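This report is written for a reader meeting the structure for the first time. Please keep the sequence and the model in view while reading.

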Amino acid sequence: ALSTEPFFSFNYDGKPSAKILRGTMYINGNLKGNVRNHTIMRSLYYQLGLTGETDEYTDSLFYAADNSNTKLSPIDKKVITMLYEPGLYNGMNMQALKQVIYID
């Protein structure tokens, strides 16, 4: 049987906005406008493997506090580019990783 426990859930204004299960997203039907769009986008990116969040970049789609950002910021785009870099593979050591993503 598939678990009904969420892998992750999002809240907005202290209320549930989305719950993500394996292959399924439940979006709160009461959300409107950019809050709804943000929740859908964030949930889709979560399913694609972008599960982190930031406390530092307020313009990021992945900003941890309540927000209604609907566009990827420049830092978001850089992270996505790095995540899907063809030279990355599971189990890389730090030295190999730095060479691929050009970190000193």
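## The end of helix H1

The model is predicted: local features need pLDDT of at least 70 and side-chain atom pairs pLDDT 80 or more, while totals for chains, interfaces and linings use all residues. Residues are numbered from 1 along each chain as its sequence is written, and side-chain values use heavy atoms, without hydrogens or water.

H1 covers residues 33-47, 15 residues in total, and spans 22 Å from its first C-alpha to its last. This is close to the 21 Å expected at 1.5 Å a residue, where the expected span is 1.5 Å times one less than the number of residues.

The buried residues of H1 are Val35, His38, Thr39, Arg42, Ser43, Tyr45 and Tyr46. Buried denotes under 20% relative accessible area, exposed over 50%, and partly exposed the range in between (1.4 Å probe, protein chains only). Viewed down the axis of H1, these buried residues fall within an arc of 165°, so they line one face of the helix; the arc is taken from the directions from the helix axis to the C-beta atoms.

## The nonpolar core

Tyr45, Leu50, Leu61, Phe62 and Ile80 form the largest nonpolar core, which has 5 residues. Such a core is a set of buried Ala, Val, Leu, Ile, Met, Phe, Trp, Tyr and Cys residues joined through side-chain atoms within 4.5 Å. Ile80 touches Tyr45, Leu50 and Leu72, residues up to four places away in sequence being left out; contact means heavy atoms within 4.5 Å.

Phe62 counts as buried, at 8% relative accessibility.

## Asn67 and its contacts

Asn67 lies in the loop between H1 and H2 and counts as buried, with 9% relative accessibility. Its side chain makes a polar contact with the side chain of His38 at 3.3 Å. A polar contact is a pair of N or O atoms within 3.5 Å; within protein, one must be able to donate a hydrogen and the other to accept it, and residues adjacent in sequence count only if both atoms are side-chain atoms. A polar atom of the Asn67 side chain also lies 2.9 Å from the backbone oxygen of Tyr63.

Terms used
Helix = DSSP H or I, 4+ residues; strand = E, 2+ residues; numbered from the N terminus.
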